[in-house]
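I opened the coordinates to look up a few strands, a helix and some backbone angles. My entries follow in the order in which I made them.

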Amino acid sequence: MPDALSARRLSRRGLLAAGGAATLATLLAACGTDDTAKPAAGNGSGPWSFTDDRATKVEAKARPTRVVAFTGVAAALIDFGLDKQLVGVFGETRRADGSADPQAGDLNIEAVEILGNVWGEFSLEKYAALRPELLVTHMYDPDALWYVPDESKAKILPLAPSVAITTARVPMTKPIERYAALAESLGADLSAKKVTDAKARFDAAAESVRQAVKANPGITVMACSGSPDLFYVSNPKVSTDLMYFAELGVDIVVPTKLEAGDYFEALSWENTAKFPADLILLDNRSTALQPKDLAAKPTWQQLPAVKANQVTPWDAVPRFSYAGSAPLLENLATAIRNAKKVS
């Protein structure tokens, strides 16, 4: 889901974000049978096409070699083996101290053009100068391109073909598979050890969550994000990572009075105790309130999970790759295993 401040902006614009498990062999087989992606042969000469989650078949005379993407997407594509194809990014990329935002993963932020570093920021001039051949981003709602500003997308989209991958209302494994297929179509080798090792780690991490739930039954988990005025409780029926956690057996709080888009329930700080929880997953993005910020909120301090120090960081916009998502599962398994029943 979005950070607290952008959540309110997004809700007014109808773009609210909260935020599917085959073996790699199955994924590769699927990619070869459904015409989703047609990798160009050899060194990339020849036509290229990819059908995205808008059911749009994106075509080019040759495999795109100049790709611009939302930062988290770029990081995921790098995890699957792309590198020099990524020439520009947009979205939180560089922190105030100059270091890379965690969302950037293994992306070398010095080697790409940063078109915008916050919500609503996207330099059309820099984008055009990059001579882009493909634009890639998440899609939380139909035809809504994540971090591509509505007010300028009419000028942005004609400059290059675009690919949008669904990142809501499906389990987390689905966008991971889709980004893997896109990366392969752009020249990545999904059989490379880096990728297969990451897949093995992801599978082991998923199993560790299942085993943690079995070993410590009855633990209720709430995923949330805080802003100065409101406390947001995320919906596991829409948020892709939470949906997958629930598939693994995690008992996740389901909010009941949902905002437009059904991504979360917005509570006043006086009502933060509405949903009992033993373990809290707290949005760890810099744009959301962190534990040190929340210390001044008396109702936060009174929550049983907070009193028991059972609060763990949550990547509310995951990196949709096996390498990016495995640590999330590992951390969740550890948090569940160590939690005590307090609600």
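I count two strands as paired if DSSP finds at least two bridges between them. Helices (H or I, at least four residues) and strands (E, at least two) are DSSP runs, numbered from the N terminus.

The model is a predicted one: local features need pLDDT of at least 70, side-chain atom pairs count only at pLDDT 80 or more, and totals for chains, interfaces and linings use all residues. Residues are numbered from 1 along each chain as its sequence is written, and side-chain values use heavy atoms, with hydrogens and water left out.

Entry on strand E7. I looked up its partners. E7 pairs in the parallel sense with strand E8 (residues 162–166) over five bridges. In that pairing I found methionine 139 opposite threonine 166 in E8. E7 also pairs with strand E4 (residues 67–70), again in the parallel sense, over three bridges. There valine 67 stands opposite leucine 134 in E7.

How many of the six residues of E7 are buried? I noted six of the six, so E7 is largely enclosed by the rest of the structure. Buried means under 20% relative accessible area, exposed over 50%, and partly exposed in between (1.4 Å probe, protein chains only).

Entry on aspartate 141. I located this residue in the loop between strand E7 (134–139) and helix H5 (153–156). Is aspartate 141 buried or exposed? Its relative accessible area is 12%, and I put it down as buried. Its side chain makes a polar contact of 3.0 Å with the side chain of tyrosine 263. A polar contact is a pair of N or O atoms within 3.5 Å; within protein, one must be able to donate a hydrogen and the other to accept it, and residues adjacent in sequence count only if both atoms are side-chain atoms.

Entry on positive phi. Most residues other than glycine have a negative phi. I noted alanine 55, with phi near 65°, in the loop between strand E2 (48–51) and strand E3 (57–60). Alanine 55 counts as exposed at 67% relative accessibility. I also noted arginine 131, with a positive phi of about 55°, in the loop between helix H4 (124–129) and E7. Arginine 131 is exposed too, at 55%.

Entry on helix H8. Six of the eight residues of H8 (residues 240–247) are buried, so I recorded the helix as largely enclosed by the rest of the structure. Those buried are Thr240, Asp241, Leu242, Met243, Tyr244 and Phe245. Just after H8, I found glycine 249 with a positive phi of about 105°.
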